[in-house]
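Take a look at the fold shown here.

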Number of protein chains: 2
Amino acid sequence: MTIRLPILATLLVSTINLATHAQVPVRRFEPVSFSQVTVTDHFWRPKLDKVATATLQACIVQTEQKSGRIRNFEKVQRGKHEKHEGIYYDDSDVYKALEAIAYSLKNRPDAELEKKADEWIDKIAAAQQPDGYLNTYYTLVGLDKRWTDMEKHEDYCAGHLIEAAVAYYNTTGKRKLLDVAIRFADHIDATFRQANRPWVTGHQEIELALMKLYHQTRNDRYLKLADWFLDQRGRGFGKGKIWDDWKNPDYCQDGLPVKAQKEITGHAVRAMYLYTGAADVAATTQDAGYMNAMKTVWEDVVYRNMYITGGIGSSGKNEGFSVDYDLPNESAYCETCASVGMVFWNQRMNLLTGEAKYIDVLERSLYNGALDGLSLSGDRFFYGNPLASSGNNARSEWFGTACCPSNIARLVASLGDYIYGKNDSGIWVNLYIGSNTTLKIGKTDVPLQMETNYPWEGSVRLTVNPARKTPYALRLRIPGWVSNVPVPGDLYRFADESKAAFTIKLNGKPVEYKEENGYAVISRTWQKGDVIELNLPMEVKRVAARKELVAANDRVAIQRGPLVYCVEGADNNGQAWNLLVPDQTTFTTQAYQVLTEPVVAIQANLPVVGPSADGTSVVTEKKTVTAIPYYVWANRGKSPMQVWLPTKAKQVKLVD
Amino acid sequence: MTIRLPILATLLVSTINLATHAQVPVRRFEPVSFSQVTVTDHFWRPKLDKVATATLQACIVQTEQKSGRIRNFEKVQRGKHEKHEGIYYDDSDVYKALEAIAYSLKNRPDAELEKKADEWIDKIAAAQQPDGYLNTYYTLVGLDKRWTDMEKHEDYCAGHLIEAAVAYYNTTGKRKLLDVAIRFADHIDATFRQANRPWVTGHQEIELALMKLYHQTRNDRYLKLADWFLDQRGRGFGKGKIWDDWKNPDYCQDGLPVKAQKEITGHAVRAMYLYTGAADVAATTQDAGYMNAMKTVWEDVVYRNMYITGGIGSSGKNEGFSVDYDLPNESAYCETCASVGMVFWNQRMNLLTGEAKYIDVLERSLYNGALDGLSLSGDRFFYGNPLASSGNNARSEWFGTACCPSNIARLVASLGDYIYGKNDSGIWVNLYIGSNTTLKIGKTDVPLQMETNYPWEGSVRLTVNPARKTPYALRLRIPGWVSNVPVPGDLYRFADESKAAFTIKLNGKPVEYKEENGYAVISRTWQKGDVIELNLPMEVKRVAARKELVAANDRVAIQRGPLVYCVEGADNNGQAWNLLVPDQTTFTTQAYQVLTEPVVAIQANLPVVGPSADGTSVVTEKKTVTAIPYYVWANRGKSPMQVWLPTKAKQVKLVD
């Protein structure tokens with residue numbers, strides 16, 4: 001992005017020919033819902049269980065006791081004009097925790113947990129006003145003030161309510177919350193779209209949520225409302241409301257109409273939710289305008305403004321984007337929620353385009369920037385996810401603004417949503433995660449079993465068991481990191497040529513396939529018991545960055561498979577800023593344990609600098625250095641850490 | 001300080017026996033006003049001139065054009081309900097600039113500048129309401145809202161108006177602004193004290209200002225009002241107003257009544273202004289309560305919470321104090337205004353006790369922590385004054401909250417206030433600054449001339465020219481740094497024994513004196529042309545800190561005279577974190593130039609670490625390292641800097 005002065009862009013819009021390069025967006029395939037997928041994976045299954053047993057418990061304890069989000073609903077129910085606790089957007093934490101519970105109940109049924117969810121739903125339903133409005137902040141502060149401040153997240157909270165309601169209905173079939181959500185959505189539609197009352201949501205979220213409601217209910221009122229919300233932006237309605245002469249409209253992506261946007265700007269989570277919603281609307285309305293804008297914006301993110309971890313939003317000041325290539329390591333903001341948003345948006349882009357490059361980015365954000373937000377214990381969280389630490393970072397129990405814990409919880413619990421796609425003539429395998437599902441191809445049920453030890457090993461075994469012989473194309477995503485380009489664009493590149501290639505076998509023998517949009521496409525008639533074996537070469541690779549990315553100048557990162565590695569003090573005598581990775585370094589892999597987590601560590605014999613025994617000078621010695629996957633750092637106390645490692649000594653700092 | 005839970009302390013007060021150890025505070029001597037002193041000093045005079053020619057010009061440009069503080073007064077005058085610009089406390093910047101102009105006009109008469117001041121005064125006077133109220137924010141926002149929010153700095157702005165008015169009257173004899181200030185003070189007195197309406201000022205300042213007004217007018221209404229404001233604190237009146245369950249009352253020193261306070265807490269500038277006002281009131285009311293409390297609080301500041309630069313308030317979070325010994329270097333907040341406040345408060349403590357230790361602290365804050373806030377060019381400012389920098393710090397042209405520029409300007413311009421004291425039987429020389437004054441001792445005029453090249457050299461020549469032979473005691477402050485204790489308490493100590501002692505000669509011959517309260521007291525009958533020569537040994541000294549001050553563990557600072565030194569990259573190949581100062585280091589001094597500023601630099605041959613020529617390792621070599629006075633750093637672009645230098649290598653960081 002570039003920094004721009006706030007301008008009212010309505011006039012510009014008419015000059016943009018939206019028809020140019022129009023590519024009508026229709027989903028190439030449909031995602032397979034978490035509710036149809038059973039995750040059995042060695043890597044992820046324990047994480048799903050940890051979310052169920054630890055993360056959701058933390059969310060519940062915080063919601064009910066410590067930060068007491070649920071008390072506001074109880075206060076509304078009592079109707080005694082009690083004081084609202086916390087921040088005006090705290091209702092959303094309850095909804096997001098509920099949504100995570102909904103996904104988790106599918107993964108791991110739990111009567112106790114479901115009872116708790118039903119209890120909450122009763123309280124939420126009881127707090128709904130007769131006209132459908134539902135927001136504890138304004139109900140307690142004074143309903144006369146509702147819908148007067150675009151910044152106050154009433155619609156944002158509504159969006160999270162809707163998402164929770166759809167998820168809970170999908171898992172349990174219970175529609176009480178869904179009915180609450182529908183009434184609230186109808187209230188919003190009547191208040192704004194039908195009343196033709198301008199309203200720019202201060203924090204996007206309702207658009208994507210309404211699209212979920214639309215797909216669930218097939219009531220096109222919600223599609224129209226989602227589209228209407230998108231269309232409100234960039235027309236000046238937010239001036240003096242969510243931005244002004246002092247606060248740039250780009251902060252909330254309100255500087256230009258969505259279809260005219262070309263650069264990523266402002267608050268990262270707001271941006272991700274916006275484009276996710278825009279992609280959802282585009283897929284249904286087949287409006288090319290959103291898609292064309294988003295492709296350009298996406299390139300601006302991935303080519304110039306994304307960390308190697310898939311994290312985005314480098315600046316803590318605006319919780320978002322600054323200028324191109326400004327990706328500092330130690331002060332990286334990289335909010336967990338922004339990485340979660342990257343997963344959402346890239347999934348939609350993949351569905352619309354059929355291109356695997358979006359999943360390359362999704363996978364990068366998922367396994368690195370997002371997963372880092374959750375401790376191995378499941379009950380500690382990072383809000384920001386820096387790429388270097390002097391040793392002062394620790395995950396927290398909770399936050400005043402507690403968006404991240406329930407966001408990472410709902411992402412992990414809904415992992416089943418991201419593995420497969422399908423249409424009537426084919427199956428897409430996007431992520432290599434051990435799982436079972438049954439997909440209907442045409443009229444045939446195709447049970448599918450995936451077994452793998454990914455991301456530690458590159459072999460993936462897929463067994464297909466169609467009820468009868470069935471022709472379809474099986475598309476296996478060939479991750480970008482298999483080639484020499486770890487992510488699309490040339491922000492990052494591997495420093496070494498790949499030495500190995502991937503292989504695909506069918507029932508033990510090489511099989512013909514064609515490569516298309518980043519997938520290996522195997523088109524044939526499949527029969528019961530067919531086994532596909534994909535083998536992805538798991539080389540240790542050094543990554544370099546474009547020279548414009550100053551924070552990575554004369555530095556390399558280490559990647560293996562989808563995992564970005566880091567050096568943490570906990571494995572290296574408390575140090576992580578004292579080593580050099582010369583160009584010809586040879587790496588070895590090593591089975592390793594980080595607390596409860598079995599990982600593949602990467603080791604090398606490297607020049608390490610440190611004080612002489614008497615402390616009067618500094619000496620350089622070769623030592624074994626151990627690197628661990630980035631997502632497991634900061635689980636063993638405070639300790640320095642670095643992702644980008646220097647290739648040569650430049651400045652030397654003596655510190656305590 | 002220690003962190004305490006907010007408690008309502010009113011009940012505690014009655015249990016404190018204020019009579020214990022009561023020492024009735026009466027000023028031991030009176031300060032000699034800036035208006036009676038002509039500063040001729042080699043070190044300071046150019047700085048006074050720079051304030052007059054550059055700093056005040058910057059203040060004027062900002063006040064009139066860029067940040068437009070004066071426009072709010074013009075808007076009030078036009079009476080057309082225009083919108084207030086900036087922040088609610090911005091009036092204070094106009095008043096503080098005016099106050100600085102007032103002092104400067106004494107130092108350096110300037111008809112143009114005086115005309116500008118008169119113009120502003122006309123605008124200020126025109127903005128005063130018929131009942132005496134004067135505040136552009138509330139006048140523009142709605143006078144019905146005035147005096148409803150203790151946090152909104154109405155009384156703080158009033159205080160700065162009063163200070164400016166008194167200063168301007170003292171320099172020019174013009175009383176228009178003084179009359180405005182009196183009317184406003186009367187309005188405040190009628191609104192609060194006389195109406196018995198509880199009011200805790202959210203940002204202290206009015207107390208010390210009212211005491212200036214009292215001394216100027218001799219109207220004890222202002223004394224009573226100052227005392228009343230002090231007495232409002234710590235009684236719970238501020239609860240829910242300037243603090244609540246979430247914001248500690250200690251932030252604004254409202255957790256305990258002032259006389260019951262024992263620990264320094266909260267916002268540093270608020271605290272300094274409070275205790276300055278309390279000392280002023282105590283001196284006049286002879287109330288021992290304030291004095292007893294302040295002595296304990298002062299020890300808590302100086303013994304456990306003061307940087308070696310005399311800076312205070314280590315935490316940016318609350319712009320103030322955190323926990324004892326928490327004095328980080330790089331993240332040190334050390335607001336310029338807090339060091340200015342240290343000068344104010346310590347001057348009052350010295351007047352009340354006659355003890356030189358307070359001037360030791362004043363001098364430390366003045367020459368280091370405060371002076372650092374002003375660039376050599378006079379038109380760039382530090383808000384915070386860190387003790388270490390990785391090279392990202394630069395002084396700014398101005399600030400949104402612009403308290404610091406005019407605060408350092410008014411301090412430097414009023415330097416004449418801090419040099420001398422006197423009573424009927426003696427003269428106190430507190431600071432060694434070349435200057436002329438005439439003091440009346442009993443009925444005799446005693447012209448006094450001080451010549452020195454302090455702080456670069458330690459020799460001071462005082463010529464006294466009493467109109468006739470006069471007996472009195474001349475007290476010369478012997479700075480704490482001459483001994484082995486650079487500041488009172490044992491937070492800092494010199495690592496080496498002093499090798500030299502100070503000497504005093506009268507007319508070329510040794511003279512008898514006794515040491516009392518940190519002064520060398522020469523009691524005799526003085527006659528025309530008597531010359532006293534004081535020689536202070538200007539040794540380079542290594543300073544160590546108590547082990548509790550973790551940020552200085554295994555580190556030394558360098559001090560010479562009152563000046564604390566630092567190593568800056570600008571003098572050392574761009575590096576400042578790459579050197580060791582072993583215990584037996586020999587230092588040399590060197591005449592040196594930092595831009596326009598002639599200084600004494602300190603050099604040593606030290607182990608310096610750095611990359612080998614090929615960048616594959618780190619080597620240690622002996623090199624000449626140059627240290628400069630702390631107050632001149634950051635004048636030659638961004639560059640790393642350190643005050644506390646490591647004595648041995650511990651952790652080594654390879655950075656860019």
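**A helix pair and its setting**

In this predicted model, helix α4 (residues 91–107) of chain A packs against helix α15 (residues 403–413) of chain A at an angle of about 20°. Their axes are 8 Å apart. Angles under 35 degrees count as roughly parallel, so α4(A) and α15(A) are roughly parallel to each other. The crossing of α4(A) past α15(A) is left-handed.

Which residues of α4(A) meet α15(A)? On the α4(A) side they are D93(A), K96(A), A97(A), E99(A), A100(A), Y103(A), S104(A) and N107(A). Their partners in α15(A) are S406(A), N407(A), A409(A), R410(A) and A413(A). Sorted by class, this contact between α4(A) and α15(A) holds five nonpolar, four polar and four charged residues.

Now step back to the chain. Chain A has 15 helices and 24 strands. It is divided into three parts: domain 1 (10–24 + 35–418), domain 2 (420–477 + 503–535) and domain 3 (540–646). Between the C-alpha centres of domain 2 of chain A and domain 3 of chain A lie 37 Å.

What are the overall dimensions? Taken along the principal axes, the C-alpha atoms of chain A fill a box of roughly 70 × 70 × 60 Å. The radius of gyration of chain A is 25 Å. A compact globule with 656 residues would have a value near 26 Å, so the radius of chain A agrees with that of such a globule.

Technical notes
Residues are numbered from 1 along each chain as its sequence is written. Chains are lettered from A and ligands numbered from 1 in the order in which they are written. This is a predicted model: local features need pLDDT of at least 70, side-chain atom pairs count only at pLDDT 80 or more; totals for chains, interfaces and linings use all residues. Domain bounds come from an automatic or database domain assignment. Axes are lines fitted to C-alpha atoms, for helices over the stretch in contact, and angles run from 0 to 180 degrees between N-to-C directions. Helices (H or I, at least four residues) and strands (E, at least two) are DSSP runs, numbered from the N terminus. Angles under 35 degrees count as roughly parallel, over 145 as roughly antiparallel, 65 to 115 as roughly perpendicular and the rest as oblique. A crossing is left-handed if the near helix is turned anticlockwise from the far one by less than a right angle, and right-handed if clockwise. Two residues are in contact if their C-beta atoms, placed from the backbone, lie within 7 Å. Ala, Val, Leu, Ile, Met, Phe, Trp, Tyr, Cys and Pro count as nonpolar, Asp, Glu, Lys and Arg as charged, and the others, Gly among them, as polar. The radius of gyration is taken over C-alpha atoms; the globule rule is 2.2 Å times the number of residues to the power 0.38.
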